[in-house]
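Hi everyone, thanks for making time.

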Amino acid sequence: MPGTLSLPFLLLIAGLLVATPQMDRAELYPVARNRSEPSSLSVNLFLTQDGDDWAAPVNLSRSGSTTAPQLIIDSVGRQHVLWEDSIAGFVYAVGGPDGWSEPRVVELPFFTRRYFPDLPPQTSTPLFKPTLLADTNGNIHAFWVDTVTESAGTLRYSRVPAGSFAQFDAWSAPEALESSGISPAASANASGVHLAYVRQFDTADRPAGVYYRRFSTGSQTWGESRPLYTSRYLRGVTEETANVSISASDSNQLYVVWDDPAREQVFVAASGDGGATWEAPFEVDRRAPGDTPTVLGPGEISVGNLSNSPVIIWRAGHQSGSECTQYYRSRPADTTSWTSPQAIPGIEDCLASAQFIRDDGLLYLVGTIQQSGNSGAPSAMSTYIMAWDGMRWSTPRLQDALVGMTNPDTNQRIDLQCLSAGTVGDRLSIAG
């Protein structure tokens, strides 16, 4: 039977713009709920006729110097958008049923001079790009790498009640979680916040590798860090080359995936008890013996989880005649084995960015493909949305409205990039 979804879209375009489409329902056809149906069953994603009608965008930032937006949706459905302004620093707006607040420059633990008393007046205020996460208890957590205190970077953490995001004094005192810790990835469930990251320093008692820590909801403290994977090759990774992703389910199943870029290998580790114990890392993919030296090696791995049926995606250049292919492997519920690598159907090139979003019994993937422009012209982004039902992918649906639009304030063409997605009830929200 076809699965019917309620999936209107709310589009937040950071530059920053906001648009609300005139759409009430979408249908995924056919996503089989009967697991005995053949895996070759065609799955197509299509939207109702109104699904392509997007309302006029609303400009949030009203400036021409914005970048790196982040959309965070808290446990009561408020939408927080934080972005960088090349002149002012971090700027913030919050939205809800009554509309959006005015954008305001905010002082935050990762954008302040208070922790650097010896900083000369003429030196710019340190600005560290955070990884932000909303939990199920009304808080927003922030992780960032402080490269001022320590040139190799110190992974720091702070949290705040979501309703007080813009109030500096409401944030908890920053904690140092790891020396030379970079590339933090976090996921939350009822038991707490689960963090994975790369440690660059290599010592006898704490080698370089991928590490895990948990913040307990009950004790409000961080547990000890533990290595999931160690490799001397990770000593040389940077914020630009390191890649870690984590997904925590409501039943405390955790999956962490990461790249070992120097070796061009990608891995996954799993825990069935909320991070107390972990399976040995499983190698997802590596460069094959038949790969030519110039093809793209495996990397940019990411993980999503639907009802304890995780799916991992990554890019590699194994296939002859294709510069890059987007692959996936899944692990059906109640099993410990991963399926063989397969190309994601309907994706002709690798995704430049990919975000998993879980909602209404399905796992959605919002992915962008970067298309090279003419000589000297900027590249364009094509954005697709597809769904994973635990066994199969729907056909990717190109979102023409997310390629670009006209800024109603200036009538100028806006090309959309740097997308950040989340859900509000039955709405998919995207900041870009």
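Let's start with arginine 114 and glutamate 107, whose side chains meet in a salt bridge, 2.9 Å from N to O. By salt bridge I mean a side-chain nitrogen of Lys or Arg within 4 Å of a carboxyl oxygen of Asp or Glu. Before I go on: this is a predicted model, where local features need pLDDT of at least 70, side-chain atom pairs count only at pLDDT 80 or more, and totals for chains, interfaces and linings use all residues. Residues are numbered from 1 along each chain as its sequence is written, and side-chain values use heavy atoms, with hydrogens and water left out.

Back to our pair. Arginine 114 is partly exposed at 47% relative accessibility, and glutamate 107 is partly exposed too, at 29%. Here buried is under 20% relative accessible area, exposed is over 50%, and partly exposed is in between, using a 1.4 Å probe and protein chains only.

What else does arginine 114 form a salt bridge with? That's aspartate 169, with the closest N and O atoms 3.4 Å apart. Aspartate 169 is exposed, at 67% relative accessible area. With shared partners, the salt bridges join Glu107, Arg114 and Asp169 into one network.

Now another pair: the side chains of aspartate 74 and arginine 78 form a salt bridge at 2.7 Å, N to O. Is aspartate 74 buried or exposed? It's buried, with a relative accessible area of 6%, while arginine 78 is partly exposed at 32%.

And the count for this model comes to 12 salt bridges.
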